[in-house]
Amino acid sequence: MSNRTAGYRALTTHRLFWPIVVLVVLLAANTVYRPGFLSVQMRDGHLYGSLIDILRLSAPLILVALGMTLVIATGGIDLSVGSLCAISGAIACLHISEQPDQNSVGGVLTALALGLGVALVLGAWNGVLVAVIGIQPIIATLILMVAGRGLAQLITEGQILTINSDPYKAIGVGHLLTLPLAIFIALAAALVVAAFTRRTALGLIIESVGGNAQASRLAGIRSARITFLVYVISAACAAVAGFMMTANVSSADGNAAGLWVELDAILAVVIGGTSLAGGRFSLGGTILGALLIQTLTTTVYAMNISPQTSLLFKAVVVIAVCLIQAPGFRARFARRRPSAAAPAPVTEQPKEQVPA
Amino acid sequence: MTTLSLLTTRTWSRLPRRHVPVLATLVLLLVLYGVGVSQYRAFSNIQVIFNVFIDNGFLLVVAVGMTFVILTGGIDLSVGSVVAMTAMVSAFLLREGLPAALVLVIALLIGPTLGFLMGCVIHFFDIQPFIVTLAGMFFARGMCTFISGSSIPITDGFWTRMSQERIGNPSGNFVSISVLIAFAVVAVAAYTLAYTRLGRNVYAIGGNPQSALLMGLPVGRTRIAVYTISGLCAAIGGILLSFYTLSGAPLIAVGMELDVIAAVVIGGTVLTGGSGYVFGTVLGVLVLGVIQTLITFDGSLNSWWTKIVIGGLLFAFILLQRLIGIRYK
């Protein structure tokens with residue numbers, strides 16, 4: 001009996017328990033609303049279905065969220081990813097649109113390299129601001145978030161750049177082994193990041209920098225270098241996500257591409273159980289969080305609710321998941337009996353007070 | 001005697017340092033204005049300044065509310081959506097035929113209520129302000145489209161009168177009533193921050209929450225209060241915006257929170273809290289307004305240059321704060 005209770009408790013207190021429950025509930029609600037939701041069909045050698053669509057559309061978010069996870073693990077935050085998506089997508093599309101033959105693979109590869117290169121430079125700029133100059137991450141990246149949107153519009157000259165390039169389009173909507181190519185790209189990125197962080201000491205070092213950058217430095221870790229690195233990685237992830245977003249619609253819109261993706265990515269990371277205070281991270285949780293958010297968006301679309309109203313549902317889910325995960329909320333419900341003698345223990349955590 | 005002189009030297013060396021960011025903003029504003037006057041003859045018209053206030057009155061009010069939140073070391077991302085929601089709700093209720101006074105009261109209650117709830121969640125459940133106000137932002141924006149998917153015009157007599165009333169001198173220069181309301185909000189906020197217990201608590205909590213708690217200051221109450229104040233300011237800003245545009249649109253004021261945060265930071269308030277002035281925020285809003293006016297006057301520059309310039313200014317001011325060594329975590 002007690003063994004079973006303990007098992008139950010271990011299950012419900014697992015940090016990914018509630019996100020999984022919400023995801024399953026969402027999928028179940030969809031199936032009830034639309035019985036054909038779970039079915040996956042084979043057509044023209046490709047798999048089609050709502051589940052596949054969710055996977056394909058969540059690929060950019062997963063990529064951005066992966067980079068964001070590492071940044072948040074060091075106790076920082078990267079608000080500029082949305083603008084970076086717009087910039088890298090705009091540069092790639094601009095380069096392709098200037099090619100005589102838009103379908104040449106070489107031209108597309110150069111375009112990708114250009115977009116990625118610029119994103120890396122901007123990521124390095126973020127990294128320098130945070131790691132070298134020592135500016136608070138939320139403001140340091142706010143600069144590029146505001147200015148980056150302007151830069152993206154400057155690149156596209158305020159227009160929507162439309163391209164007609166099959167190799168580029170494949171990044172967004174192409175298929176490989178019956179599944180969308182985007183899923184494989186996101187999966188590959190996740191595996192590479194996981195291999196580097198969980199199979200080498202890098203993950204541990206990132207967590208230690210997030211726990212206490214000063215102590216890590218004194219312990220012989222080059223904290224500044226690690227902090228710099230995570231912003232560059234985040235920018236690279238954002239750039240690839242930007243390629244996917246623009247390839248999806250074969251056009252680059254400096255104003256709308258990647259708009260609010262940084263918020264979705266931060267939500268995905270938080271839902272996945274990574275603390276905004278830094279010091280620990282969970283890549284699996286982040287991917288789950290990204291899938292949850294995309295499922296929610298798709299659900300709302302499928303139910304014929306206006307896309308903007310989906311924000312209402314997002315707000316409810318975010319607050320619910322965060323509340324359930326919050327230690328303060330749990331503690332309040334764990335001890336129902338009012339104990340007037342003991343005032344709430346003041347476990348002051350200075351890190352938690354920093355506006356993340 | 002020695003202690004006194006020590007004390008005075010310390011105050012003398014400290015006071016300017018706290019004032020440097022605000023002074024720098026003031027200098028920047030004067031330089032920008034000087035550039036405008038030297039480049040365009042029409043710029044020296046006093047009405048240009050009045051227009052900056054008329055166009056940015058609502059931004060000013062919202063930025064004042066944000067100053068309170070940032071002074072405690074928090075952040076409120078929901079303001080832009082709350083502004084839109086307030087304008088939307090007023091437009092909707094007016095269309096339903098409710099009297100203007102009742103609509104005003106209801107509209108002014110929604111923002112503070114949402115702010116109060118967010119403050120409670122932040123304080124009692126110990127969730128980061130960033131996440132909570134982000135959810136608030138989604139909620140308010142969702143409510144906007146929930147009310148109506150398209151913009152609702154306002155034809156109410158009181159609203160149109162407030163929108164068209166011009167207060168000015170015989171030579172033709174004028175301000176709108178919104179500007180006077182914005183000034184009143186600024187004055188009340190400046191007084192509250194400088195001379196009341198609540199204001200001093202805000203600075204104390206921003207300086208060091210733990211010390212504030214150990215000193216017996218009401219940390220929780222103050223923290224909830226600042227989010228309520230920010231909600232109230234956003235609601236007033238929403239009303240002013242509906243005076244300005246005479247409509248409620250679901251997608252108005254998107255990204256306004258960034259402009260507001262930028263204005264507060266350019267105004268010299270440190271984002272980790274504890275240092276800054278309402279006056280600085282006024283200057284920050286003016287800087288943004290003058291930049292927009294300059295870009296409008298130029299005509300050949302496109303609107304995206306505004307964003308790039310604001311980004312550059314943000315960088316310059318943060319660097320300045322860093323160089324003069326205001327405490328940064």
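**Entry 1: a helix inside chain A**

I began with helix α12 (residues 261-271) of chain A: 11 of its 11 residues are buried, so this helix is largely enclosed by the rest of the structure. My note on the term: a residue is buried if 20 or more other C-beta atoms lie within 10 Å of its own, exposed if 12 or fewer, and partly exposed in between, with C-beta atoms placed from the backbone. Helices (H or I, at least four residues) and strands (E, at least two) are DSSP runs, numbered from the N terminus. I listed the buried residues of α12(A), and among them are Glu262(A) and Asp264(A) as well as Val261(A), Leu263(A) and Ile271(A). Just past α12(A), I found Gly273(A) with a positive phi of about 95°.

**Entry 2: ground rules**

I am reading a predicted model, where local features need pLDDT of at least 70, side-chain atom pairs count only at pLDDT 80 or more, and totals for chains, interfaces and linings use all residues. Residues are numbered from 1 along each chain as its sequence is written, while chains are lettered from A and ligands numbered from 1 in the order in which they are written.

**Entry 3: confidence**

I looked up the model scores and found ipTM 0.73 and pTM 0.80. For chain B the mean pLDDT is 85, with 93% of residues at 70 or more; pLDDT is the predictor's confidence in each residue, from 0 to 100. Among the elements of chain B, helix α10 (residues 219-245) has the highest mean pLDDT (93) and helix α1 (residues 2-39) the lowest (70). Over residues 1-12 of chain B the pLDDT is below 50, and this stretch has zero contacts in the model beyond near neighbours in sequence. I count two residues as in contact if their C-beta atoms, placed from the backbone, lie within 7 Å. A reminder to myself: where pLDDT is low, the predicted coordinates should not be read in detail.

**Entry 4: the two chains overall**

I counted 16 helices and six strands in chain A. The C-alpha atoms of chain A fill a box of roughly 80 × 55 × 35 Å along the principal axes, and 49% of the 356 residues count as buried. Of the contacts in chain A with a separation of 6 or more, 77% are between residues 24 or more positions apart.

Chain B has 13 helices and four strands. Its radius of gyration is 20 Å, close to the 20 Å that the rule gives for 329 residues, so chain B is as compact as a globular protein of that length. Its C-alpha box is roughly 70 × 55 × 35 Å along the principal axes, and 52% of the 329 residues count as buried.

**Entry 5: where A meets B**

How many residues does each chain bring to the contact? I read 45 residues from chain B and 43 residues from chain A. Among the elements giving two or more residues to the side of chain B are α4 (100-125), α5 (129-147) and α13 (304-323). The most comes from α5(B), with 12 residues. That side of chain B divides into 29 nonpolar, 11 polar and five charged residues. Here Ala, Val, Leu, Ile, Met, Phe, Trp, Tyr, Cys and Pro count as nonpolar, Asp, Glu, Lys and Arg as charged, and the others, Gly among them, as polar.

**Entry 6: Leu63 of chain A**

I picked Leu63(A), in helix α3 (residues 50-73) of chain A. Leu63(A) is buried, with 30 other C-beta atoms within 10 Å. Leaving aside neighbours within four places in sequence, its contacts are Ala186(A), Ala189(A), Cys237(A), Val240(A) and Ala241(A). Gly242(A) is 179 residues away along the chain, yet its C-alpha atom is 9.7 Å from that of Leu63(A).

Most residues other than glycine have a negative phi, and most peptide bonds are trans.

Terms used: The radius of gyration is taken over C-alpha atoms; the globule rule is 2.2 Å times the number of residues to the power 0.38.
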